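Open the model in your viewer and have the selection tool ready. We will go from one stop to the next.

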Amino acid sequence: MNRIILSVEGLGKTFITKKKKITAFHDINLHAGEREIIGIMGPSGCGKSTLAKIIAGIETPTLGSLQLFGMDCSQGVSKEMKRRIGYIFQEGNLLPWRTVETNLRFPLEIFGLDKQEEYDQRVVEALKIVGLYDFRTCLPQELSGGMMHRVAIARALVLNPDLLVMDQPFGALDAITRKKLSSDFLRIFEQTQKTIIIITNSIDEALLFSNRIYIFSDAPGTIQEVVDVDVPYSLRHQEITTNERFTALRARMIEIIKKQYANNAVLEGEA
Ligand SMILES: Nc1ncnc2c1ncn2[C@@H]1O[C@H](COP(=O)(O)OP(=O)(O)O)[C@@H](O)[C@H]1O
Ligand SMILES: [Mg+2]
């Protein structure tokens with residue numbers, strides 16, 4: 001079996017604020033092997049972003065175990081581990097006063113690597129992977145929404161992470177740009193061979209990218225269903241709607257999500 005990069009067992013997170021306790025999620029079990037792409041879907045508020053932040057070491061769990069690269073990280077993720085994890089926020093957040101290239105250099109500065117020459121090459125490579133090398137001196141405001149997302153992804157690739165956590169990376173885009181970007185990204189993912197956790201509110205995106213999709217229940221989230229996307233990646237470049245297996249999997253996912261609607265769940269993006 002291929003090496004386990006991420007393993008989560010019985011994971012729970014409860015926030016304690018002055019006024020109340022909020023359980024974001026509980027009893028989460030999931031794993032990702034080397035080079036696997038794991039999709040996460042679920043209603044708004046079911047704890048998806050909180051899980052992403054825990055994996056990226058920004059929050060700590062209150063229950064259960066988190067293992068990254070075979071090391072126990074249940075009490076928090078060390079700085080050394082964090083270097084191996086790229087995290088793309090829901091909001092994308094590029095620094096508006098920095099050019100494309102200097103946005104990419106930002107994580108290098110944080111980790112004190114900006115003076116090392118090998119990283120200059122990494123910046124160039126990451127820009128080329130996302131097709132933005134010619135735009136390296138532009139400011140974010142000069143780019144389209146889709147290009148900004150590509151910069152955010154390039155920035156996450158600069159440190160050459162072993163694990164990429166993407167929280168709704170295409171969430172704020174219009175449907176056409178989103179579709180175009182998804183097929184670009186499928187190519188990028190195949191090229192970079194990373195282990196990826198991708199949170200999405202789109203069934204088609206989840207099916208296009210993932211080896212396996214975990215569907216969270218309504219808040220407080222727990223895993224309601226696991227869907228194995230047993231369609232080879234070589235077939236995913238074609239129009240997926242024509243693939244019978246995809247069609248069947250999509251129908252099953254719609255069924256699961258419809259049930260959540262019936263229980264008054266609010267789907268992400270519609271909240
Ligand atoms: N820092 C925090 N303090 C208190 N509550 C929080 C915090 N972060 C998230 N929550 C709560 O945890 C729940 C899950 O939030 P989140 O992980 O953002 O859900 P999702 O990404 O699935 O929409 C929500 O009820 C949210 O209000
Ligand atoms: Mg979220």
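Start where two parts meet. This is a predicted model. In it, 18 residues of domain 1 are in contact with 15 residues of domain 2. Which elements give two or more residues to the domain 1 side? Select β7 (163-167) and α6 (175-192): these are the ones. Now colour the domain 1 side by class. You will find 10 nonpolar, 6 polar and 2 charged residues there.

Next, colour the domains themselves. For domain 1, select 1-84 and 163-271 together. For domain 2, select 87-160. The C-alpha centres of domain 1 and domain 2 are 24 Å apart.

Now select helix α1, residues 48-55. Is α1 mostly covered or mostly open? It is mostly covered, with 6 of its 8 residues buried. Pick out the buried ones: Lys48, Ser49, Leu51, Ala52, Ile54 and Ile55. Then move on to Gly57, which follows α1. The phi of Gly57 is positive, near 85 degrees.

Zoom out to the whole protein. Count along the cartoon: there are 8 helices and 10 strands. The radius of gyration is 18 Å, close to the 18 Å that the globule rule gives for 271 residues, so the protein is as compact as a globular protein of that length. Its C-alpha atoms fill a box of roughly 50 × 50 × 40 Å along the principal axes. Buried residues make up 38% of the 271.

Last stop: contacts along the chain. Take those between residues at least 6 apart in sequence; 69% of them join residues at least 24 apart.

How values were computed: Residues numbered from 1 in each chain as written. Chains lettered and ligands numbered in written order. Predicted model: local features only at pLDDT ≥ 70, side-chain atom pairs only at ≥ 80, totals over all residues. Domains from an automatic or database assignment. Contact = placed C-beta atoms within 7 Å. Helix = DSSP H or I, 4+ residues; strand = E, 2+ residues; numbered from the N terminus. Nonpolar A, V, L, I, M, F, W, Y, C, P; charged D, E, K, R; others polar. Buried ≥ 20, exposed ≤ 12 C-beta atoms within 10 Å, placed from the backbone. Rg over C-alpha atoms; globule rule 2.2 N^0.38 Å.
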